[in-house]
Amino acid sequence: MSCFLSCTCTDLCGDSRGISGIFSLPQCTDSIESHLASIHLSRETITEGQLILARAGLFNLDESVVSQMSVCAKHRHTYGKFWRPRTTCQYPAHQGRPGWSQRGAKSRYSVNLEMAKAIYQMYGVLVQVGSGAYNKS
């Protein structure tokens, strides 16, 4: 059994925070309420396993496929409750003002699951759930 991210991710599989091993994705059911609240998504209803899949860009997988997937401790934490967003707007169409650094654009909103799916479909760019986005209006 191996981590489903081992082939697509540049990070090698491994241990994290004193935890080692491979976990079945459907068994990734740790509470992520405080994590979601910290990234301004407290109203989102998503499991730890679904969050890991979404941040990996795997949307709408059949349950029979998901039931066969496993994740290592390192990727579980990196894509799950210990993930941290970048400090700039991640929406692909928001490039910032000419001559201004995108780094200074503080995000006011977080990308939820539905937005992440829509951005991926429209732009072919993965913006991870919880990433910052700001309202250009």
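Arg76 counts as buried, since its relative accessibility is 9%; buried means under 20% relative accessible area, exposed over 50%, and partly exposed in between (1.4 Å probe, protein chains only). This residue belongs to a predicted model, in which local features need pLDDT of at least 70, side-chain atom pairs count only at pLDDT 80 or more, and totals for chains, interfaces and linings use all residues. Residues are numbered from 1 along each chain as its sequence is written, and side-chain values use heavy atoms, with hydrogens and water left out.

The chain contains five helices and four strands; these are DSSP runs numbered from the N terminus, with helices (H or I) of at least four residues and strands (E) of at least two. Their order from the N terminus is β-α-α-α-β-α-β-α-β. Of the 137 residues in the chain, 40% are buried. Among contacts with a separation of 6 or more, 73% join residues 24 or more positions apart, where contact means heavy atoms within 4.5 Å.

Side chains of opposite charge can pair when their charged atoms come close. A salt bridge is counted when a side-chain nitrogen of Lys or Arg is within 4 Å of a carboxyl oxygen of Asp or Glu, and by this rule there are four salt bridges. One of them joins the side chains of Arg76 and Asp30 at 3.4 Å, N to O. Arg76 lies in helix H4 (residues 73-79) and Asp30 in the loop between E1 and helix H1 (33-38), so this pair ties together parts 46 residues apart in sequence. Asp30 is partly exposed, at 32% relative accessibility.

Asp30 also forms a salt bridge with Lys81, whose closest N and O atoms are 3.2 Å apart. Because Lys81 lies in the loop between H4 and strand E3 (109-110) and Asp30 in the loop between E1 and H1, the pair ties together parts that are 51 residues apart in sequence. A further salt bridge is formed by the side chains of Glu48 and Arg76 (2.9 Å, N to O). This pair links distant parts of the chain, with Glu48 in helix H2 and Arg76 in helix H4, 28 residues apart. Glu48 is buried, at 1% relative accessibility. Through shared partners, salt bridges join Asp30, Glu48, Arg76 and Lys81 into one network.

Nonpolar residues form another part of the picture. A nonpolar core is a set of buried Ala, Val, Leu, Ile, Met, Phe, Trp, Tyr and Cys residues joined through side-chain atoms within 4.5 Å. The largest such core has 17 residues, of which Leu36, Ile46, Val111, Leu113 and Val129 touch the most other members. H2 and helix H5 (113-123) each supply at least two residues of this core, and the largest share, three residues, comes from H5. Leaving aside neighbours within four places in sequence, Ile46 contacts Ile32, Leu36, Leu51 and Leu113. Apart from this core lies another, of twelve residues, including Leu5, Leu53, Val66 and Val71.

The cysteines complete the description. A disulfide is a pair of cysteine sulfur atoms within 2.5 Å, and by this rule the count is zero. For Cys13, the nearest cysteine sulfur is that of Cys72, 3.7 Å away. Cys13 is partly exposed, with a relative accessible area of 35%. For Cys28, the nearest cysteine sulfur is that of Cys3, 9.6 Å away, and Cys28 is buried at 1% relative accessibility.
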